[in-house]
Each structure stands twice: as structure tokens, then as C-alpha cells.
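Subject: Handing over the structure, with notes on what was found

Dear colleague,

Please find below the structure I promised to pass on to you.

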Amino acid sequence: MSTWSDALYELLLDAGVKQVAYVPDAGHKRLIELALANPDLKTTVLTTEEEGVALLVGAYLGGDRGVLLLQSSGVGNCINMLSLAAECRVPLLMLVTMRGEWGEFNPWQVTMGQATPTVLEAMGTIVLRADDAEQIVETVRAGSVLAFDSGRMVAVLIGQRAIGAKVFRK
Amino acid sequence: MSALERRAATARLLKDRGDALVVTGLGSTTYDAFAAGDSPLTFYLWGAMGGAATVGLGLALAQPKRRVVVITGDGEMLMGLGSLATVGVQRPANLAIVVIDNGLYAETGMQRTHTASGVDLAGVARACGFAHAETVRTQGELDRLARAAYEAPGPFFASIKVAPDPTSIELAPRDGPTLRNRFRAAVLGSDAAR
């Protein structure tokens with residue numbers, strides 16, 4: 001059980017997050033479970049990550065802060081929808097668990113994983129990164145302030161080195 | 001049977017909207033809603049194709065005591081077809097999605113959409129677990145829809161089959177921060193600045 005997920009959960013509640021949107025990822029497993037177990041959080045499972053960008057813009061229009069949990073491959077699915085948050089200057093906090101980098105065994109993850117910070121920045125998203133488990137909570141805290149208080153699109157990339165590279169099992 | 005005309009159908013749908021929150025999909029449905037009368041409680045999308053239904057979902061979850069009505073086109077809805085499944089899982093009682101279905105991509109030169117070849121959006125919504133899903137073809141059905149879209153328990157879905165005739169472009173406001181701020185001020189009052 002990863003303690004940084006529990007700390008992130010408390011941090012997000014303290015930041016006033018009311019909506020959590022996600023496409024499942026192993027790195028976010030614990031945080032998703034905590035969110036689903038809290039009846040005061042509105043937690044939405046998506047079919048594709050771009051729905052989450054649109055959902056959080058709607059949430060903001062209605063007065064709710066939210067967070068999008070996704071894997072780096074899902075960042076590619078979000079690209080055009082990020083224009084919505086950018087053009088309306090809607091605070092957007094994305095927590096991205098990385099694939100396709102540190103110790104990746106699946107070559108099909110590498111192209112999108114390597115392109116993830118580039119495409120986010122190309123869309124005007126501020127990219128922060130944590131490559132050590134010790135850095136995750138403070139980086140997300142900084143990101144949430146940038147997102148919610150400075151009204152920016154922020155992605156915190158949680159590196160495969162911090163999570164531990166997925167290993168291939170039969 | 002003479003098909004419904006899109007601009008008149010949208011005006012009928014919005015006539016008795018009261019304090020409902022309205023999100024419109026890019027292109028013709030944004031123009032139709034603006035032509036029916038501007039309101040700070042209407043959030044016009046000018047892009048984000050495929051996102052109208054989930055903008056509506058996030059809004060409906062944030063404002064559970066308000067009715068939220070998404071009005072969008074068939075092409076826009078088709079690009080976000082998975083969002084009907086997402087809405088079907090969340091089951092917001094206060095959300096209605098109404099598709100103005102001309103079977104065409106009007107913005108790009110009137111190319112046929114999947115609905116013109118028989119894809120049944122109301123059938124998809126039904127299969128996704130919507131509380132109500134129907135296809136509207138007549139004025140009488142439209143008149144009933146113009147009440148039910150605001151009153152029937154959601155998630156509620158209707159596809160209004162409209163004539164393919166082109167309509168004028170009515171330029172709704174399109175500055176994002178302006179739309180955002182006026183909408184939030186109208187919904188949240190003094191909390192909008194927080």
C-alpha cells in the first residue's frame with residue numbers, strides 16, 4: 001500500500017477538490033479506491049481521458065474543483081480538449097502516472113510516454129515532475145496551488161522511477 | 001411528413017427553460033441557441049468537439065439542484081459517443097442531453113454523419129442506461145419534449161430529427177473568459193470570484 005497515495009488524497013481534500021475523474025491506472029489504484037470510498041466526492045470513471053478535461057471544465061463552471069487521474073498514454077487523448085480549458089482559462093489539475101520511460105518493458109508505451117511533457121507544454125500546460133516517491137506530495141501540492149489559485153492548467157508527472165517500473169508477468 | 005426546422009425546434013426547446021443551465025455544442029447548435037435569445041446561463045462551446053455531454057455532466061454533478069440541458073449536434077455527439085456511457089454510469093437525475101440531428105456536418109460542407117446511415121443515438125443512450133431516450137420527429141413530440149427535458153428524471157436523452165436545410169450563422173459570444181465569468185457569476189453569485 002503506497003503511503004503517497006494516502007497523502008495525496010488528504011492533500012486533494014484540503015485543496016477543496018470535490019470531483020475526481022479517472023481512467024484506471026495501476027499507479028493511481030490506491031487513490032482511486034480512496035476517492036470511490038468517499039461519498040462526499042463525486043468520482044467519475046471515464047471511457048477516455050479527454051472526457052475528464054471536459055468534465056472538469058463543467059465542474060468548474062458549476063463551482064466544483066476537480067482533479068483528473070490518468071496515465072501518460074491518456075495525455076495523447078486529451079490534446080484537443082485541452083484547448084477548452086486553455087481558452088476559457090479554467091484551472092485544471094492532472095496527475096499523470098508515467099509509462100514508457102524508466103525501465104519500461106513494453107515498447108508500445110514508449111512513444112507516447114516520451115512525448116508526454118512535450119505535447120502538454122505545446123498545449124500550454126505547466127508540467128511539474130516527481131521522480132522520487134518523496135517528492136510526489138510536495139510537487140502535487142505546488143501544482144494544486146498553481147492550478148487552483150493561479151488559474152492554470154497543470155500536469156504533475158509522477159515518474160516511473162518513483163512508482164516502480166511495471167514488470168512483465170505471465 | 002414535413003421535417004422539423006432546427007432553429008425553430010431549438011427556440012421551442014428553450015422557450016420555457018426557466019433557470020436551467022444550458023451547454024451548447026460547437027457550430028450550428030451554438031448558433032441556434034444564441035438565435036433563440038442570449039443568456040448568461042448558456043455556455044456556448046466553440047470547439048472541444050465531443051465534449052459537450054461531459055461538460056454538462058461535470059456541471060450537473062456540481063449543481064445537483066439545477067437542471068442542466070446540453071444541446072448539441074449529431075456530429076458532435078458521435079465524436080463523444082463514449083460520454084453517453086460515462087453519463088449512464090453516473091446517472092445524474094438533473095441532466096438532459098438533446099441532439100439536433102440533421103444527419104450532416106453542416107460546418108464543414110454538409111457531409112453525411114453516421115446518423116444519416118442509420119446509427120441510432122437514442123438507441124445508444126438507452127443501451128447506456130439513460131432513464132429516458134427518444135427520437136423526436138413531430139411538432140407534437142417536440143412540444144412534449146420542451147417540458148420533459150426540464151422535468152423528467154434524468155439522465156434524459158432526446159434526438160430531434162431536423163431538416164437538412166442550412167441556416168444562417170448567428171455569432172454568439174466566443175471569448176472564453178467572458179463566457180466563463182458571466183456563467184459562473186449567474187450560477188454562483190459572489191462565490192464566483194473565489
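Predicted model: local features only at pLDDT ≥ 70, side-chain atom pairs only at ≥ 80, totals over all residues.

The contact between the chains as a whole involves 26 residues of chain A and 29 residues of chain B. On the side of chain A that touches chain B, the elements that give two or more residues are S2, H3 and helix H5 (82-87) of chain A, and H3(A) gives the most, with nine residues. The residues on that side of chain A divide into twelve nonpolar, eight polar and six charged.

One residue of strand S2 of chain A may be worth a look, namely A:Lys42. Is A:Lys42 buried or exposed? With 24 other C-beta atoms within 10 Å, A:Lys42 is buried, since the cut-off for that class is 20 or more. Leaving out residues up to four places away in sequence, A:Lys42 touches A:Lys18 and A:Gln19, and also B:Leu61 of the other chain. The C-alpha atom of A:Lys42 is separated by 29 Å from that of A:Val119, which lies 77 residues apart from A:Lys42 along the chain.

Chain B brings a further helix into the picture, H5 (residues 81-90), whose buried residues are B:Ser83, B:Leu84, B:Thr86, B:Val87 and B:Gln90. These residues lie on the same side of H5(B), because they cover an arc of only 160° around the axis. What do the buried residues of H5(B) pack against? Their partners come from both chains: strand S2 (42-45) and H3 of chain A, together with H3, strand S4 (95-101) and helix H6 (121-127) of chain B. After H5(B) comes B:Arg91, which has a positive phi, near 50°.

Most residues other than glycine have a negative phi, and most peptide bonds are trans. B:Ala48, however, has a positive phi near 60°; this residue sits in the loop between strand S2 (42-44) and H3 of chain B, and it is buried, with 26 other C-beta atoms within 10 Å. B:Met110 likewise has a positive phi, of about 65°, although it is not a glycine, and its place is the loop between strand S5 (104-105) and strand S6 (111-112) of chain B. B:Met110 counts as exposed, with 12 C-beta neighbours inside 10 Å. As for the peptide bonds, the one that joins B:Gly154 and B:Pro155 is cis, with omega about 0°, and B:Pro155 is found in the loop between helix H7 (139-151) and strand S8 (156-161) of chain B.

Also in chain B, helix H4 (residues 74-79) contains B:Glu76, which counts as buried with 28 C-beta neighbours inside 10 Å. Apart from its neighbours within four places in sequence, B:Glu76 is in contact with B:Gly25, B:Leu26, B:Met49, B:Gly50 and B:Ala52.

Finally, to return to chain A, the axes of helix H1 (residues 3-14) and helix H7 (residues 133-148) come within 10 Å and cross at roughly 15°. H1(A) and H7(A) are therefore roughly parallel to each other, and H1(A) passes H7(A) in a right-handed crossing. In this contact, A:Trp4, A:Ala7, A:Leu8 and A:Leu11 of H1(A) meet A:Ala133, A:Ile136, A:Val137, A:Val140, A:Arg141 and A:Ser144 of H7(A), and these residues divide into eight nonpolar, one polar and one charged.

With best wishes

Terms used
Residues numbered from 1 in each chain as written. Chains lettered and ligands numbered in written order. Helix = DSSP H or I, 4+ residues; strand = E, 2+ residues; numbered from the N terminus. Arc of directions from axis to C-beta. Contact = placed C-beta atoms within 7 Å. Nonpolar A, V, L, I, M, F, W, Y, C, P; charged D, E, K, R; others polar. Axes fitted to C-alpha atoms, helices over the stretch in contact; angles between N-to-C directions. Parallel < 35°, antiparallel > 145°, perpendicular 65-115°, else oblique. Left-handed = near helix turned anticlockwise from the far one by under 90°.
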